[in-house]
Each structure stands twice: as C-alpha cells, then as structure tokens.
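Colleague: Could you take me through this model? I'd like to begin with what sits inside.

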Amino acid sequence: MHPTTEAPRVLIAERNRRLLVTLRRILRNAGYETISTSNPAKLRSMLSTQPDVLVAEADLIPGQEAAIRRLLPKSSMTIVIAPMPDAADAVTEQLSGAVTMLRPLSLAGLMATIEEHVQHQREEAAVG
C-alpha cells in the first residue's frame with residue numbers, strides 16, 4: 001500500500017469521461033484515494049504518484065509500457081480495459097502480470113479484483 005496514506009491509491013486512465021467519473025465515484029465511496037486522467041501525455045507524470053493500482057484503457061497505454069514498468073511499485077497491480085482480447089493481449093504482453101478486463105466493464109468484477117489485490121498487499125505487509 002502507498003506509504004503516505006492508509007487509503008490505497010488508484011490511478012484511473014480512461015478516455016470515456018462517463019466511465020472515468022463513475023469509476024472515481026465508486027472507488028472513493030469504497031474508501032480508495034483516486035487520481036485520474038483521460039490524457040495519455042499526463043499518464044506518464046501521474047505514474048510518479050506510485051499508485052497501488054493502475055486501471056487503464058488499453059488505448060492509453062501504448063508508448064507508456066516502459067514508464068509503467070519503471071515507475072509503478074512492484075507491488076502495484078495494472079488492470080487493462082480493452083474492447084477486444086487482441087487489443088488487451090498487445091498491451092499485456094508488454095506488462096507482465098497485468099490483468100485484462102473487457103468492455104463492457106463489470107464494475108463489480110473490477111471492484112472485486114482491486115479489493116482482492118489490496119487485501120493481499122495488506123496481508124503481505126502484516127507478515128513482513
């Protein structure tokens with residue numbers, strides 16, 4: 001988890017404004033700190049905030065893979081949202097361990113995935 005706050009930090013990178021606002025609201029209501037962008041150029045600088053989870057539209061990731069690997073903590077999770085499996089595969093090949101979710105997005109599935117990751121990180125922190 002992020003060292004400066006108890007609330008896990010989620011970076012959302014999504015061009016669909018409606019989905020971006022919905023994800024921010026749902027995650028904040030669930031107790032997460034959120035930061036977001038719909039601009040691919042801003043994504044790179046926002047990675048330096050070292051989020052616990054990156055939720056990113058597949059179209060915003062190409063060209064950012066090296067920065068994601070370099071700037072995200074190893075304990076972070078990357079979730080790639082894609083319209084089709086082929087689009088997701090192209091991105092996740094570059095990001096080892098990334099999780100793919102296809103559109104239409106299941107918000108319940110997304111929340112369960114994030115919560116499972118955060119719980120695992122809390123357990124790891126408690127042990128070590």
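Colleague: Which residues have the most contacts inside the largest nonpolar core?
Modeller: In this predicted model, the largest nonpolar core has 20 residues, and those with the most contacts inside it are Leu 11, Leu 47, Leu 54, Ile 61 and Ile 68. Such a core is a set of buried Ala, Val, Leu, Ile, Met, Phe, Trp, Tyr and Cys residues joined through side-chain atoms within 4.5 Å, where buried means under 20% relative accessible area with a 1.4 Å probe, protein chains only.

Colleague: And which elements give two or more residues to this core?
Modeller: Those are β1 (9-13), α2 (40-47), β3 (53-57), α3 (65-71), β4 and α4, with α2 giving the most, three residues. Helices (H or I, at least four residues) and strands (E, at least two) are DSSP runs, numbered from the N terminus.

Colleague: What does Ile 68 touch?
Modeller: Leaving out residues up to four places away in sequence, Ile 68 touches Leu 47, Leu 54, Ile 61, Thr 78 and Leu 95, a contact being heavy atoms within 4.5 Å.

Colleague: Switching to α4, which of its residues are buried?
Modeller: In α4 (residues 85-92) they are Ala 88, Val 91 and Thr 92. They are on the same side of α4 because they cover an arc of only 90° around the axis, taken from the directions from the helix axis to the C-beta atoms. Their cover includes β4 (77-82) and β5 (99-102).

Terms used: Residues are numbered from 1 along each chain as its sequence is written. This is a predicted model: local features need pLDDT of at least 70, side-chain atom pairs count only at pLDDT 80 or more; totals for chains, interfaces and linings use all residues. Side-chain values use heavy atoms; hydrogens and water are left out. Buried means under 20% relative accessible area, exposed over 50%, partly exposed in between (1.4 Å probe, protein chains only).
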